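Me: I would like to learn how to read the features of a protein model. Can we go through one step by step?

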Amino acid sequence: MSSLLGFVTLIGSATEQVLGYLEHHHWFFGVLVLGYIFHLHDKSLHARFDALDKRLDEIRKRLACGN
């Protein structure tokens with residue numbers, strides 16, 4: 001029973017240390033989140049340009065076949 005109590009105490013102490021670290025370094029995780037949001041935005045922007053290029057290629061092919 002005492003080993004179970006020691007294990008629970010260890011888990012609680014580790015959780016407290018992690019939360020304390022997050023409290024003091026929350027800016028770092030904010031920067032990571034902003035970077036990830038920028039990455040997703042950039043990825044969607046490139047996907048839109050790729051779709052536009054495909055449409056333009058299809059239009060060019062149709063115009064070439066019409067002549």
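Me: Let us begin with the surface. What does the accessible surface of the chain come to, and what share belongs to carbon and sulfur atoms?

Reply: Keep in mind that this is a predicted model. The accessible surface of the chain is about 6,500 Å². Carbon and sulfur atoms account for 69% of that surface.

Me: What percentage of the 67 residues counts as buried?

Reply: A residue is called buried when its relative accessible area is under 20%. In this chain, 0% of the 67 residues count as buried.

Me: How do I read distances along a helix?

Reply: Pick two residues and compare their separation along the chain with the distance between their C-alpha atoms. Arginine 48 lies in helix H2 and is exposed, with a relative accessible area of 58%. Arginine 48 and arginine 60 are 12 residues apart along the chain, and their C-alpha atoms are separated by 18 Å.

Me: What is the distance between the C-alpha atoms of glutamine 17 and glycine 30?

Reply: Those C-alpha atoms are separated by 19 Å, and the two residues are 13 apart along the chain. Glutamine 17 is located in helix H1. Its relative accessibility is 58%, so glutamine 17 counts as exposed.

Me: Next, charged side chains. How many salt bridges are there?

Reply: Side chains of opposite charge can pair when their charged atoms come close. Here the count comes to two salt bridges. One joins arginine 60 to aspartate 57, with the closest N and O atoms 3.4 Å apart. The other joins the side chains of arginine 62 and glutamate 58, at 2.6 Å from N to O.

Me: Where do arginine 60 and aspartate 57 sit relative to each other in helix H2?

Reply: Arginine 60 and aspartate 57 are three residues apart in helix H2 (residues 26-66), so about one helical turn separates them. Arginine 62 and glutamate 58 also both lie in helix H2, four residues apart, which is about one turn of the helix.

Me: Now the aromatic rings. How many aromatic pairs does the structure hold?

Reply: It holds three aromatic pairs. The angle between the ring planes gives the kind of pair, and over 60 degrees counts as edge-to-face. The rings of tyrosine 21 and phenylalanine 29 have centres 6.5 Å apart and planes at 80 degrees, so this pair is edge-to-face. For phenylalanine 28 and phenylalanine 29, the ring centres are 5.5 Å apart and the planes are at 75 degrees, so that pair is edge-to-face.

Me: Which residues form the aromatic cluster?

Reply: Tyr21, Trp27, Phe28 and Phe29 form one aromatic cluster. Tyrosine 21 is partly exposed at 44% relative accessible area. Phenylalanine 28 is partly exposed at 37%, and phenylalanine 29 is partly exposed at 32%.

Me: Last, which residues make the nonpolar surface patch?

Reply: The patch covers about 870 Å² and is made by Val18, Leu19, Tyr21, Leu22, Trp27, Phe28, Phe29, Val31 and Leu32. The elements giving two or more residues to the patch are helix H1 (2-24) and H2. H2 supplies the largest share, five residues. As an example from the other helix, leucine 22 is in helix H1 and is partly exposed, with 35% relative accessibility.

Definitions and conventions
Residues numbered from 1 in each chain as written. Predicted model: local features only at pLDDT ≥ 70, side-chain atom pairs only at ≥ 80, totals over all residues. Heavy atoms only, no water. Phe/Tyr/Trp six-rings, centres within 6.5 Å; stacked < 30°, edge-to-face > 60°. Buried < 20%, exposed > 50% of the residue type's maximum accessible area, 1.4 Å probe, protein only. Salt bridge = Lys/Arg side-chain N within 4 Å of Asp/Glu carboxyl O. Patch = residues over 30% accessible without salt bridge, like charges linked within 9 Å, V, L, I, M, F, W, Y side chains within 5 Å. Areas by Shrake-Rupley, 256 points an atom, 1.4 Å probe, with all protein chains shown as cover.
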